[in-house]
Amino acid sequence: MKKVTILLLAFCAGFSIMCFEIIGGKLLAPYFGSSVYVWGSIITIFMLALSIGYLIGGKYSLYQPSVTKYGFIYIGAAIAIIPTIWFSEPIMDFVFSIVEDPRYGSLLASTIMFLVPTIIMGMIAPYSVRILTESTASSGHTAGFLYFVSTFGSAIGTIMTSFYFVLWFEMNQILWLTSGIMFSAGALALAISFSEQQSTDKAATSV
Amino acid sequence: MFDSLSQKLTIVLFAMLIASSASAKTIHKERSIYRNVVITENNNERCMRFETRRRAISNQACIDLTNKQRLVFEYTQSIMAGLAFNQAPKRILIIGLGGGSLPKAFAEILPDTEVVSVEIDPAVAKLAKSYFDYQESDKIQTKIVDGRVFVKRALKNNQKFDWIILDAFNGDYIPEHLLTVEFLNETKSLLSQGGLLSANTFNGSKLYDYESVTYQRVFDQVRILKSPSKGNRIIFGCNCSAIDQQFKMDEALAKKLAPYGVNLYKALSRINAKVDWDESVEPLTDQFSPANLLNQ
């Protein structure tokens, strides 16, 4: 049960990362255009953020890993997306006024708006491996399956956002949806951790 | 069995032969960061097109080699009707250079007018100069930048234009950020008092309704000029209160425009206020701009 839930959460994380990235591109277009370098900026920042996130998440998993902490990473990511929803316009206005070249403008704006939330989302992958791994021998298998699930989530997030969400919703609504998915995923992790603790408490008292 | 196959092959080969003889000859191919741009020639007509493997070919620009003044595209001729709105604009902004036929015509008709053309693709600007006689001068300038980025920057620098021409909607892919209420509001603020906007837009597909409503939202009086034969439609809007009173037929102007293939009298008679779109759809905004998805 726990295993399936963790996999579901990893799927949600992969899904949300790509929703965020696709909307990021649309968000920058009014200020910096939608040329190949704007997409280049976004992908650069997302890759950079994910690489940093993997590093931090892996390190963090060394210190008393728990599903509770895992849940808080999701909630942290959900909260970190919100400033992008509220302040994207003043941020891009500011960047536009100080940087003339749309290449570096879009790079700077992407850094301010997307770096932190994506680092937090990047922490999820290694932490999921730590939670699910039961033995050294099976660790590669576990990691591989997790990557499969989360990257599959990313594929679905990409196609849903670019084919359908942009037709159905406004961009900020899609960002709220992304934040909402991450928050719900975090809440689910906390609920699981709570019920697990209660059952171990019960087991302890019955002994 | 074998016979029918060879028969089919013969037909296919024959069809290919006809197709190749009718299609234009490629005389130059230029690589750009966006797509390959091709120059073709056919029956004394030289054209610029984006390389595509699709059947439908849309030329970005054409020039008549026997009469280089003549504007080949009907919609370019229609845009020129905007001169009846204001015969002496001091500054003109063109978004989407193509072959540069409009700035070239303006340089001849209005030698004192400053014409700024914004083009995103440096390869297009280069080919306009080398194959379409587009020439820069202190009055005729080209800026290689995204249209929206240019407009935002120009607003920050308090620039004004008397006439803005939007001609960035020719390709297969629509730049969605140039088709929103916010963008049109920005262009409207960039217009001087009484300034005119002319946009070359789409005709057909579901996008038609959305696009029309978007222009309507920003320029509440829009006037339409449809090309009689092709699918183009010019939308006129202004930073003024009564757009109709501004369009004036003028014999001297008509004479001046005639060498460019513009029949001013006809063009002006086609301008109308008829609403033939569904006004109940939502306008496109920066938040909601699935223009490419709607254009299918």
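## Helix pair α6 and α7 of chain B

In this predicted model, helix α6 (residues 181-190) of chain B packs against helix α7 (residues 207-218) of chain B at an angle of about 40°, and their axes are 9 Å apart. Axes are lines fitted to C-alpha atoms, for helices over the stretch in contact, and angles run from 0 to 180 degrees between N-to-C directions. Helices (H or I, at least four residues) and strands (E, at least two) are DSSP runs numbered from the N terminus. α6(B) and α7(B) are therefore oblique to each other; angles under 35 degrees count as roughly parallel, over 145 as roughly antiparallel, 65 to 115 as roughly perpendicular and the rest as oblique.

The crossing of α6(B) past α7(B) is right-handed, a term for the near helix being turned clockwise from the far one by less than a right angle. On the α6(B) side, B:Val181, B:Leu184, B:Asn185 and B:Lys188 meet B:Thr214, B:Tyr215, B:Arg217 and B:Val218 in α7(B). Contact requires C-beta atoms, placed from the backbone, within 7 Å.

## Basis of the model

Residues are numbered from 1 along each chain as its sequence is written, with chains lettered from A and ligands numbered from 1 in the order in which they are written. The model is predicted: local features need pLDDT of at least 70 and side-chain atom pairs count only at pLDDT 80 or more, while totals for chains, interfaces and linings use all residues.

## Seven-stranded sheet

Chain B has an open sheet of seven strands in the order β7-β6-β5-β8-β9-β11-β10, with mixed pairing. Its edge strands are β7 (140-144) and β10, each pairing on one side only. Strands pair if DSSP finds at least two bridges between them. Helix α3 (residues 101-109) of chain B lies across β5 (91-95), β6 (114-119), β7 and β8 (161-166) of chain B and runs at about 175° to β6(B).

Strand β11 (residues 233-238) of chain B is mostly covered, six of its six residues being buried. Buried means 20 or more other C-beta atoms within 10 Å of a residue's own, exposed 12 or fewer, and partly exposed in between, with C-beta atoms placed from the backbone. B:Arg233, B:Ile235 and B:Gly237 point one way from β11(B), and B:Ile234, B:Phe236 and B:Cys238 the other. Strand β9 (residues 191-201) of chain B pairs with β11(B) in the antiparallel sense over six bridges, with B:Leu196 opposite B:Cys238. Strand β10 (residues 223-226) of chain B is joined to β11(B) by four bridges, also antiparallel. Here B:Lys226 stands opposite B:Arg233, and B:Ile224 stands opposite B:Ile235.

## Four-stranded sheet

A sheet of four strands in chain B is open and antiparallel, in the order β1-β2-β3-β4. β1 (25-30) and β4 (59-64) of chain B are the edge strands. Five bridges join β3 (residues 45-50) of chain B to β4(B), and B:Met48 stands opposite B:Ala61. Helix α4 (residues 122-131) of chain B packs on the sheet and touches β1, β2 (37-42) and β3 of chain B.

The largest nonpolar core has 135 residues, of which B:Ala81, B:Ile94, B:Ile164 and B:Ile165 touch the most other members. Helix α1 (residues 2-32) of chain A gives the most to this core, with 18 residues. Such a core is a set of buried Ala, Val, Leu, Ile, Met, Phe, Trp, Tyr and Cys residues joined through C-beta atoms within 7 Å.

B:Tyr265, in helix α9 (residues 264-270) of chain B, is partly exposed, with 13 other C-beta atoms within 10 Å. Leaving aside neighbours within four places in sequence, B:Tyr265 is in contact with B:Met249 and B:Ala254.

Key:
Contact = placed C-beta atoms within 7 Å.
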